[in-house]
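Biologist: I would like to learn how to read a protein model feature by feature. Could we take the ideas one at a time and then look at each case?

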Amino acid sequence: MLRNETAAPVGAEDARQGGQPAAQGEQIHALLADAAAHYRDALRASPQAVRYLASRGIGGAIAARFGLGFARPKWRDLGPVLERHSEEAAQACGLLAGSGEGDDASRFDRFRDRVMFPIRNRAGQVAGFGGRVIDGREDPKYLNSPEGVTFKKRELLYGLYEAQEAIQAQGVAVVVEGYLDVVSAAQAGFLPVVGTLGTACSSGQIAELMTLTRRIVFCFDGDAAGRRAAARALEIVVPFIDQGCAFDFVFLPEGEDPDSFVRVHGLEGFQTALNGATPVQAFVIEHVSADCDMQYAEGRSLCAHRAKPLWLAMPEGPVRAALLDYCAKLLKFTEAELLDLWRA
């Protein structure tokens, strides 16, 4: 895999956390690699898990590309793996769960009866796991490794290790929200896709992607939750606007997510959706204007109130100037008058 040596990779600081020595990070990475191999072997031996992936359109080549596995429905299936590593490493990386101390301790595998998604850092080391139930139960549907020495959700992007060459080659990174969104896009033949890990995209993740490409597209589910996620992403993106990288936003039809959309519409349909993305300048105006009744002063004032923190966070550039111009005309202020209000 290609690596951009000019920037520290996402997860590069995972060797230390709270004074933890680098050696512990190395021990945890070794344990996680062995666990990933164990889960891969278990997937090959589980017709049920293979059928589940097939029902989602995921074939063997893509499963291998992402190192997908299966955690058997057993309480201590990882026993042989854990015996080769220290108990401290096992607990530090979250493969074991339980309660109590000493003779009263009860420990068992955190992940059971789940398809497993290894989450790798930019260097390709397994930093943690995501697990998804395959039988429809809700307990919860997705389970991630806990935050720890190697696993920091706001520093890692699912699929970045696998996607980085395609991102550089195609000049775009598409950011989605789920593991299956990433894997399904790759199955359809679209490779420059990465996923957040249950949190909004962070400024560190944006900066990391900007070392690989000059266009970042956020692709969200076509529902209210998707709009809220887009608003959170916009807040993170604002300080990077007009800094040499284009940011675009795609909203899929109501009831669709990237996983379902690409399985129905294929590569061509997904590419068409991306080609119709909303540029960040247009999305900023759309976002601050949403649900504001511009017939009334209250609605116009609300729009300008929403725009203020975004404008203040933006660097100088065309998008900042356009937002100021839009709000000044909306309120029938001069730009100087609106600036006095915003900077007060």
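Modeller: Let us begin with burial: a residue is called buried under 20% relative accessible area, exposed over 50%, and partly exposed in between, using a 1.4 Å probe and protein chains only. Phe218 has a relative accessible area of 1%, so Phe218 is buried, and Phe220, with a value of 5%, is buried as well. This is a predicted model, in which local features need pLDDT of at least 70 and side-chain atom pairs count only at pLDDT 80 or more, while totals for chains, interfaces and linings use all residues. Residues are numbered from 1 along each chain as its sequence is written, and side-chain values use heavy atoms, with hydrogens and water left out.

Biologist: How are the rings of Phe218 and Phe220 arranged?

Modeller: Rings of Phe, Tyr and Trp (its six-membered ring) pair if their centres lie within 6.5 Å; planes under 30 degrees apart count as stacked, over 60 as edge-to-face and the rest as tilted. By this rule the structure has 16 aromatic pairs. The centres of the Phe218 and Phe220 rings are 6.2 Å apart and their planes make 5°, so this pair is stacked. Elsewhere, one aromatic cluster is formed by Phe66, Phe117, Tyr142, Tyr158 and Tyr179.

Biologist: Which charged residue lies over the face of Phe66?

Modeller: A charge sits over a ring if NZ of Lys or CZ of Arg is within 6 Å of the ring centre and within 35 degrees of the ring normal. Arg65 lies over the face of Phe66, at 5.8 Å from the ring centre, and Arg227 lies over the face of Phe251, at 3.7 Å from the ring centre.

Biologist: What is the strand order in the open sheet of 5 strands?

Modeller: Helices (H or I, at least four residues) and strands (E, at least two) are DSSP runs numbered from the N terminus, and two strands pair if DSSP finds at least two bridges between them. The order is E8-E7-E9-E10-E11, with mixed pairing. Its edge strands, each pairing on one side only, are E8 (193-195) and E11 (278-279). Within this sheet, E7 (residues 173-176) and E9 (residues 215-222) pair in the parallel sense over 3 bridges, and Val174 has Val217 in E9 as its bridge partner.

Biologist: How many disulfides does a search of the whole structure find?

Modeller: A disulfide is a covalent bond between the sulfur atoms of two cysteines; the test used here is a pair of cysteine sulfur atoms within 2.5 Å. The search finds 0 disulfides. Cys219 is in none, and the nearest cysteine sulfur, that of Cys201, is 13 Å away. Cys219 is buried, with a relative accessible area of 1%.
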